[in-house]
Amino acid sequence: MFDTIAAVSTGLSVSAIGIIRLTGDDCANVAGKVFELNNGQSLPQAKNRQLVLGTLHDQQGRVIDQCCAIYSRAPHTYTGEDTVEFHCHGSPAVLAAGLESLYAAGARPAKRGEFTKRAFLNGKLDLTQAEAVIDLIEAESADAAANAAGQVGGVLQKKLSPIYDRLTDLCSHFHAVLDYPDEDIEDFGLANYEAPLRSDAKALYSLLSTYGQGRILKHGVAAAIVGRPNVGKSSLLNALAGYERVIVTEVAGTTRDTVEETVMLGNTRLRLIDTAGIRDTDDRIEAMGVERSKAAMKDADLVIFVCDGSEALTEDDRAIMELCADHEHAVALINKSDLGKKVQPSDLPFLYVIEICASTGEGLEQLADVVDLMFEGNMPCDGSILTNARQCDACRRAYEAMLRALQGLKLGLTPDAVLIDVEEAMEAMGEVTGATVREDITARIFERFCVGK
């Protein structure tokens, strides 16, 4: 039996409606101590899932709010337990007073993610669905929200469960034959499982291959703006951000550290990184900024090279272009197109070269089209894209264990040796769905959540 917990499930700013949520086997009795229905009934007598109007008061009987309550009975609730929700007027003072009254009546404050954790522990959600709840709350684009919603609905679980079940059948068949030799059980032969193992390994590989797209879907494209000093990198970031995010002066070397800003460019969310101008310098602080710029280039999904089109290319320009040469996704911008053209697109060794004017915004629509072309994949955002680094790592370990099992089959190893790797694959997959996840990992996962969810 779980104790009764309570928390505000809506934001703490002023709003039209604020919701206080309780869950636990005794939550109706706890809530009933501080809520009187207008129809004269007690809250535990209220009909299942029916809004009722009444008065929320404190332990001294003072009125806190005239509000609605809804009592939902287990097991058909989010947590799998009895739940009560108060739909109050959205004053933070009202919600705080309501919570204090409920705590005095026997509830305790909910911890971060405790409602969803109880849903997981009560079998209402598997771990992929539970983790997707916070992804849905934190989604910053429609595609990210759609993918998280699909995972809350169980799409990822449905892809993984059949693989896990087939591995379970393989192991159980072997141990049944081993433990009950006198029973009429079909003989165990590893060769019969080679084709399913290979098929399941391919399915895991296909899922793993979606993580690159999923990481971008969830976190956005890390885009490093690079170039020598005073070519307009900070002006470009300001133009894309829509406000003066970075100080811009005529003095070269103003930006000495990386500056980040998240923007929507076309249909792509960019995590822009304005870097220090890359050049040889004796200034120790500026040199540190240059090294950070080079590190940002290395880690970025997209490199945006900026040069000053009103001046001839310099040795610094050419050195930076060499650093960009091996990057998978790169685009060159010839800035200051309004001040003359001493650099032509043919001078730059990039697949995509765009002439822009960061001060007026000219050319930014073309940049948006190019970025969308680079990063808008054809994968459906239906929950089948892997976006979670922890899940990706577990799937990778499961895939590698299955490859070892297949290699063992090829080498003619004994069934018990092969099944060691199969069981490792099962354990890793169980970390994704929650079937074998350790308590410390579970606790760490739900620490990401907000209170009240």
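Which residue forms a salt bridge with E400? The partner is R396, as the legends below show for this predicted model.

**Figure 1. Salt bridge between E400 and R396 in helix 13.** The closest N and O atoms of E400 and R396 are 3.2 Å apart. Both residues belong to helix 13 (residues 389-411), where they are four residues apart and therefore separated by about one helical turn. E400 is partly exposed, with a relative accessibility of 33%. R396 is likewise partly exposed, at 33%.

**Figure 2. Salt bridge between R397 and E431, joining helix 13 to helix 14.** The closest N and O atoms of this pair lie 2.7 Å apart. R397 is in helix 13 and E431 in helix 14 (residues 415-433), so that distant parts of the chain, 34 residues apart, are linked. E431 is buried, with a relative accessible area of 12%, while R397 is partly exposed at 28%.

**Figure 3. Salt bridge between R215 and D301.** This is a further contact from the 26 salt bridges counted in the model. The closest N and O atoms of R215 and D301 are 3.0 Å apart. R215 sits in helix 8 (residues 211-219), and D301 in the loop between helix 10 (284-299) and strand 11; the two are 86 residues apart and link distant parts of the chain. R215 has a relative accessible area of 28% and is partly exposed. D301, at 11%, counts as buried.

**Figure 4. The open six-stranded sheet with strand order 9-10-8-11-12-13.** Pairing in this sheet is mixed. Strand 9 (259-265) and strand 13 (353-355) stand at the edges; each has a single partner strand, so one side of each is left without a neighbour in the sheet. On average, and ignoring direction, neighbouring strands are turned by 25 degrees against each other. Strand 9 runs antiparallel to strand 10 (residues 268-274), and seven bridges join the two. Within this pairing, V263 stands opposite L270 of strand 10.

Figure 5. Helix 9 (residues 233-241) touches strand 8 (221-226), strand 9, strand 10, strand 11 (302-308) and strand 12 (330-335). The direction of helix 9 makes about 45 degrees with that of strand 9. Helix 11 (residues 315-324) also packs on the sheet, touching strand 8, strand 11 and strand 12. Between the directions of helix 11 and strand 11 the angle is about 165 degrees.

Figure 6. Strand 3 (residues 35-37) is joined to strand 4 by three bridges in the antiparallel sense, with L37 opposite G54. Strand 5 (residues 63-72) pairs with strand 4 over six bridges, again antiparallel. V52 has A69 of strand 5 as its bridge partner. Strands 4 and 5 form a hairpin with five residues between them. In the turn, G61 has a positive phi of about 90 degrees.

**Figure 7. Aromatic pair of F120 and F446.** Five aromatic pairs are found in the whole structure. The ring centres of F120 and F446 are 6.2 Å apart and the planes stand at 35 degrees, so the pair is tilted. F120 lies in helix 3 (residues 114-121) and F446 in helix 15 (residues 439-446), so the pair ties together parts 326 residues apart in sequence. F120 is buried at 13% relative accessible area, and F446 is buried at 2%. Ring pairs link F120, F446 and F449 into a cluster.

**Figure 8. Aromatic pair of Y205 and Y399.** The pair is tilted, at 5.7 Å centre to centre and 40 degrees between the planes. Y205 lies in helix 7 (residues 191-208) and Y399 in helix 13, so parts 194 residues apart in sequence are tied together. Y399 is buried, with a relative accessible area of 18%.

**Figure 9. Charged side chains over aromatic rings.** R21 lies over the face of F115, at 5.2 Å from the ring centre. K453 lies over the face of Y78, and here the distance from the ring centre is 4.7 Å.

Key. Residues numbered from 1 in each chain as written. Predicted model: local features only at pLDDT ≥ 70, side-chain atom pairs only at ≥ 80, totals over all residues. Heavy atoms only, no water. Pairing = 2+ DSSP bridges. Axes fitted to C-alpha atoms, helices over the stretch in contact; angles between N-to-C directions. Contact = heavy atoms within 4.5 Å. Salt bridge = Lys/Arg side-chain N within 4 Å of Asp/Glu carboxyl O. Buried < 20%, exposed > 50% of the residue type's maximum accessible area, 1.4 Å probe, protein only. Phe/Tyr/Trp six-rings, centres within 6.5 Å; stacked < 30°, edge-to-face > 60°. Lys NZ or Arg CZ within 6 Å of the ring centre and 35° of its normal.
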